[in-house]
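User: I'd like to get how the labels on a model like this are handed out. Could you take me through some of them?

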Amino acid sequence: MSNAYFKLQMPDNEPVNSYLPGTPARAALKAELARQASTQVEIPLVIGGKEIFTGTTGKSVMPHDHQHVLATFHMAGEKELKEAVEASMRAKAEWEAMPWEHRAAVFLKAADLLAGPWRDRVNAATMLGQSKTAFQAEIDSACELADFLRFNVYFTQQIYAEQPNNTPGVWNRTEYRPLDGFVAAISPFNFTSIGGNLCTAPAIAGNTVVWKPASTAVLSNYYFFKVLEEAGLPAGVINFVPCRGTDVSKYILTDPRLAGFHFTGSTEVFRSVWSLVGEHIGSYINYPRLVGETGGKDFVFAHKSAQVAPLVTALVRGAFEYQGQKCSAASRAFIPASLWPQVKERMLGEISKLKVGDIQDFSNFMGAVIDANSFETIKGFIDRANQSPEAEVLCGGYDDSKGWFISPTVIQAQKADYESMVKEIFGPVLTVYVYPDEELEKTLELCDTATPYALTGAIFAQDRQAIVEMERRLSNAAGNFYINDKPTGAVIGQQPFGGARASGTNDKAGSLLNMYRWISPRTLKESFVPAETVSYPFMEEA
């Protein structure tokens, strides 16, 4: 057996392809888009390495062309979900006993496969199935997902190397075990990389996983699962089970062997899971680790000293890239009255240039929102704003005749607590509140307290003292805080991501902090020269 200590250097972030006209990367991606658009895929469950076709199916469609079916996916029920748990438990002993360098190699290989031969396939599936532009897919399903794999291996190595101090005659050691049981992962539609991270982060630490992908992201998530298989992931380490969320609650989250839950999604769902686990807390072998990143109502707050051009760029990109369907998307803005005329004119001018449509047309800035339910929810906010004396729709609209298209929409609210200033929308709607310059302190307080969320936020100012004050006053309002930049685009290894309050447990995906959550340490003390007497020296008489 090898006794070498295999050390990895900190990875570099995966370079982002430009997909400029005339480049081979652009031509290859366009070809793969055409291939996938002309193909229908049948997607099975994968449990214990076996493909299972249940006959209970759902459809993956293009959001920007909702009559176009990309795939049919089979769904798990009670029988399959319980088998997935058993498969994960059967795989557990051998997986956690595998030498660390071999476990790590699986995910490092997966990252290279994803960044290389699988790049176009996963990116194209993300574009077509989740209506992402080429750039938004590239930074997500290629770069960020490869970064998650490489950096999480590196972070785990850092944890393993951390060891306690010793005293003469004693050797203290810490063993970093996986959790005692299995981990359940439920992932969202909006980032293919999140789906990949939620299931692989616990697995990198030696856990086995039951993974429910979002029904609206099954295609890209399935292709990533195939990447893991090609990389040599043993059967049963991750089990791929598209299903209804209610069935996960019934048959997975109440299992006594549940050791951890890795989640990104709505605040309401995470709270219901927390309640469910609480109701069954006496039946679990361990206290389950609950790790969740949930909602956001992310802000951009401008000071009167802010520069207009960068502020407008941050508002437009932050609010409307990927149709505002990022947990971090700019959803509310606080603009001083002295800057508002310039900001309004420039922002509406920039928005008027944005094209919305089929993401296979690379000139489009936006695609469609994910499904009919999302479309109806966002439409409701726009309709109510059009009818309200407390709001004015400055631009925007919607059309679902072919795709679920919402145009970039800006609402000016007369009150800081108008509904679209405080409720999560998860669509391309930015609400602006214009505040009197002299009411900076009061408005900062409103920004901090008006919503229950605390995920991301950005401030814009040139006055350094104002930056210091705004940063201090908003210290608990955002887990990811940006100064003179948009509140989106966190990069692994640079800006660990997560927030608190109603936005989640702030366990910082893409960092060492998140990897600690999937580890159960054991401390070992070995005495080389054990004591042979019972009494202590202080007990002797003088």
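Predicted model: local features only at pLDDT ≥ 70, side-chain atom pairs only at ≥ 80, totals over all residues.

User: Why is the pair of Phe 261 and Phe 263 called stacked?

Analyst: Rings of Phe, Tyr and Trp (its six-membered ring) pair if their centres lie within 6.5 Å; planes under 30 degrees apart are stacked, over 60 edge-to-face, and the rest tilted. The centres of Phe 261 and Phe 263 are 5.5 Å apart and their planes are at 20 degrees, so this pair is stacked.

User: How do you know whether Phe 261 is buried or exposed?

Analyst: Buried means under 20% relative accessible area, exposed over 50%, and partly exposed in between (1.4 Å probe, protein chains only). Phe 261 has 0% relative accessibility, so it counts as buried. Phe 263 has 4%, so it counts as buried too.

User: And what about Thr 174, buried or exposed?

Analyst: Thr 174 has a relative accessible area of 18%, so it's buried.

User: What does Thr 174 touch, leaving out residues up to four places away in sequence?

Analyst: Contact means heavy atoms within 4.5 Å. On that basis Thr 174 touches Glu 162, Gln 163, Pro 164, Pro 521, Arg 522 and Thr 523.

User: What makes Lys 132 count as lying over the face of Tyr 322?

Analyst: A charge sits over a ring if NZ of Lys or CZ of Arg is within 6 Å of the ring centre and within 35 degrees of the ring normal. Lys 132 is at 4.5 Å from the ring centre of Tyr 322. The charged end of Arg 121 sits over the ring of Tyr 223, at 5.8 Å from its centre.

User: Which residues touch the most other members in the largest nonpolar core?

Analyst: A nonpolar core is a set of buried Ala, Val, Leu, Ile, Met, Phe, Trp, Tyr and Cys residues joined through side-chain atoms within 4.5 Å. The largest one has 73 residues, and Ile 43, Phe 107, Trp 211 and Ile 238 touch the most other members. Another core, of 36 residues, lies apart from it and includes Trp 404 and Leu 444.

User: Where else does Trp 211 turn up?

Analyst: Ring pairs link Trp 211 into a cluster with Trp 118, Tyr 222, Tyr 223, Phe 225 and Phe 240.

Technical notes: Residues numbered from 1 in each chain as written. Heavy atoms only, no water.
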